[in-house]
Amino acid sequence: MSTATLEQPAPVTATDTILSLNNIEVIYDHVVLVLKGVSLTVPRKGIVAILGANGAGKTTTLKAISNLLKAERGEVTKGSIVFDGERVDRMSPNELVRRGCIQVMEGRHCFGHLSIEENLLTGAFTRRDGNAAIKRDLEKIYELFPRLKQRRNSQAGYTSGGEQQMCAVGRAMMSKPKMILLDEPSMGLAPQIVEEIFEIVRRLNAEDGVSFLVAEQNTNMALRYATYGYIMETGRVVMDGEAQMLRENEDVKEFYLGVAEGNKKSFREVKSYKRRKRWLS
Amino acid sequence: MPISEWRTDDHRIQEPECKGEERMSDVAAQPAPSLLANGWIRTGLITAAVIAAIAIGARIDPSGTIHKVFVDPFQQMVEAPDLLAQTVWEGLVSGVLYALIALGFVLIFKASGVFNFAQGIMVVFAALTLVGLHEKGVPAFLAVILTLGVMFVLAATIERVVLRPLVNQPDIILFMATFGITYFLIGFGESVFGGNPKQMITSELYLPKGAIDAKILGGLVSFQKIDIAAAVIASLMIAALAVFFQYTRIGRALRAVADSHKAALSVGISLNQIWVIVWFTAGIVALITGIMWGARSDVSFALEIVALKALPVLILGGFTSIPGAIVGGLIIGIGEKLGEFYWGPLIGGGIESWLAYFIALGFLLFRPQGLFGDKIIERI
Ligand SMILES: Nc1ncnc2c1ncn2[C@@H]1O[C@H](COP(=O)(O)OP(=O)(O)OP(=O)(O)O)[C@@H](O)[C@H]1O
Ligand SMILES: [Mg+2]
């Protein structure tokens, strides 16, 4: 019996995590300390949300992972980032995209002068598997976002915000990622468009097994689709837990969902939150 | 309005937020929406006024300066159309070469955001390397290939030594760095190949010699074969570049980088690789320009003066527009030949060397973004 157990394949738990951040610190311009020790993990094929108010450090966290920080004179000065079993904290975005980790930036950043189709094709820049495969994936993206197919020849700069967000997600998908870092997909979009985009996230996650780390201010929406959430404040994770738990947590409700019971701005509740926050960090 | 009509639009209403800083600066760059603020209308009005004043002036005093400057040259043009055609053709050919120099400049400016002062010197350096290698006994076509190799090494070196370390520095520092490149290339070129003027290896490269005399417009117009070749090769190269940019993976990536460095970085386009490619492309353009130019005069660093003509061309065409570089080059080339031929004698000649800057200066006053200044996308 004991031999039988030994011959079992290695337990899956080791590869269960696709991304882990270990106590990272980020400094901008050599002086501005923005992340003060952030740790988080994303399970393989999971959807994890980072929540928090303006300036909490969500974008900085995502950029630290994708290493787009360097272009903004930011630097990871402490801690480690492991993606898919490999240290990636010194890797260029190009190498990271090759390994399957790509960011969709806040504010979409489509190439305004390129057509939608050209935008999607730039996403395949790092691929080496031939034009036929790229063509096939392009069709898949069009199937996912029929709206992009209609507008394939329009200059991206002239398309609507929702179409640009779809274009940015589609473009990222064209790199065949294992994981997408999605920064505020809801920014400036009408609720039904936001919902549409999160539905696509769910589909990509379920059908293609893409893991997502989503930074959002729209806590409500993010917690409906994510399985786990981290709440950040001034460069620290102040709370984390299953999405279900966060949705029902009184402090989260009050501060991020805006649905607290009773007197919202009561001093005591604020204090309890602060105590809790200190304890958690 | 029915609600349903609202709904289709409501995601657009919030759009302006999403473009962030880019949008803000676009707005700031827009002139106030007044009729006179529109560069074209204002230029048109001023031109009309000037022409009216001149016409009246020339009427009043048929033998005076105004007549000599503003009426007589045009009469000459009409009376001897063959001479006009000859002058325009010569202007066209030098214009094509100016356009090529400006084109290399625009490529680099768009893709790496660097105002490359060294572009003109790269033309001379490429030509000098080619001729110098041939002088040292390398067969002509091998010399071309070796020169391309040198231009590639130059591109890779500039990327590694200049661009990469300075990438997040202010633009002015990169601009200063290109001064460094300029003087390095001059010094290096002279020490390796010597400073004396050289002959371009025209016949070894099978470039045609001689002229075709055409009987048109009631006279003889002479077309140098090398000029025809220059025009044809330049057009082919521009067409090839257009195809490269439009339809290839790398070309698309180049345009993506020109559009937004940040976004290009985020999809995994390697800026370092793109910079090498773009500087190398500019190097190839420089070599071809250098061959054509060298065939019309000597190859020496005196060509630098010619290379500096790229600046007025760029002011005219806009720093970010490839069609602008081409049209600007042609306008400057033709403009200065016409100026030299018809107006030069009035002030004792020598107009050609400064007229281009003069035209550019006038242009700066009326249309600082150039003829084809970057098309700014703005959603309404
Ligand atoms: N390039 C930079 N240089 C210096 N400080 C920066 C830079 N970028 C961001 N910061 C600072 O880092 C902090 C965190 O910013 P970050 O963009 O990560 O917040 P965020 O949580 O994404 O906020 P938002 O919800 O507004 O997008 C802010 O205080 C911001 O001022
Ligand atoms: Mg952000």
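Select A:Glu72 and B:Lys262 to begin: in this predicted model the two form a salt bridge, with their closest N and O atoms 3.9 Å apart, a salt bridge being a side-chain nitrogen of Lys or Arg within 4 Å of a carboxyl oxygen of Asp or Glu. The count between chain B and chain A is two salt bridges.

Local features here need pLDDT of at least 70 and side-chain atom pairs count only at pLDDT 80 or more, whereas totals for chains, interfaces and linings use all residues. Residues are numbered from 1 along each chain as its sequence is written, chains are lettered from A in the order in which they are written, and side-chain values use heavy atoms, with hydrogens and water left out.

Next, colour the side of chain B that touches chain A. Helices α1 (3–13), α2 (20–29), α11 (249–259) and α12 (261–266) of chain B each supply at least two residues to that side (helices are DSSP runs of H or I, at least four residues, and strands are runs of E, at least two, numbered from the N terminus). Of these, α11(B) gives the most, with seven residues. The contact takes 34 residues from chain B and 41 residues from chain A, contact meaning heavy atoms within 4.5 Å. Chain B and chain A bury about 3,400 Å² between them, 55% of it on carbon and sulfur atoms; buried area is the accessible area (1.4 Å probe) that two parts lose on being put together, summed over both.

Now select A:Leu121, which is found in helix α4 (residues 116–122) of chain A. Leaving aside neighbours within four places in sequence, A:Leu121 is in contact with A:Ile134, A:Leu138, A:Met174 and, from the other chain, B:Arg252. A:Leu121 and A:Leu138 are 17 residues apart in sequence, yet 7.7 Å apart in space, C-alpha to C-alpha.

Staying in chain A, select A:Lys178 and A:Asp84, a salt bridge whose closest N and O atoms are 2.7 Å apart. A:Lys178 lies in the loop between α7 (161–173) and β7 (179–183) of chain A, and A:Asp84 in the loop between β4 (74–83) and β5 (86–87) of chain A, so the pair ties together parts that are 94 residues apart in sequence. Over all chains, a search of the whole structure finds 24 salt bridges.
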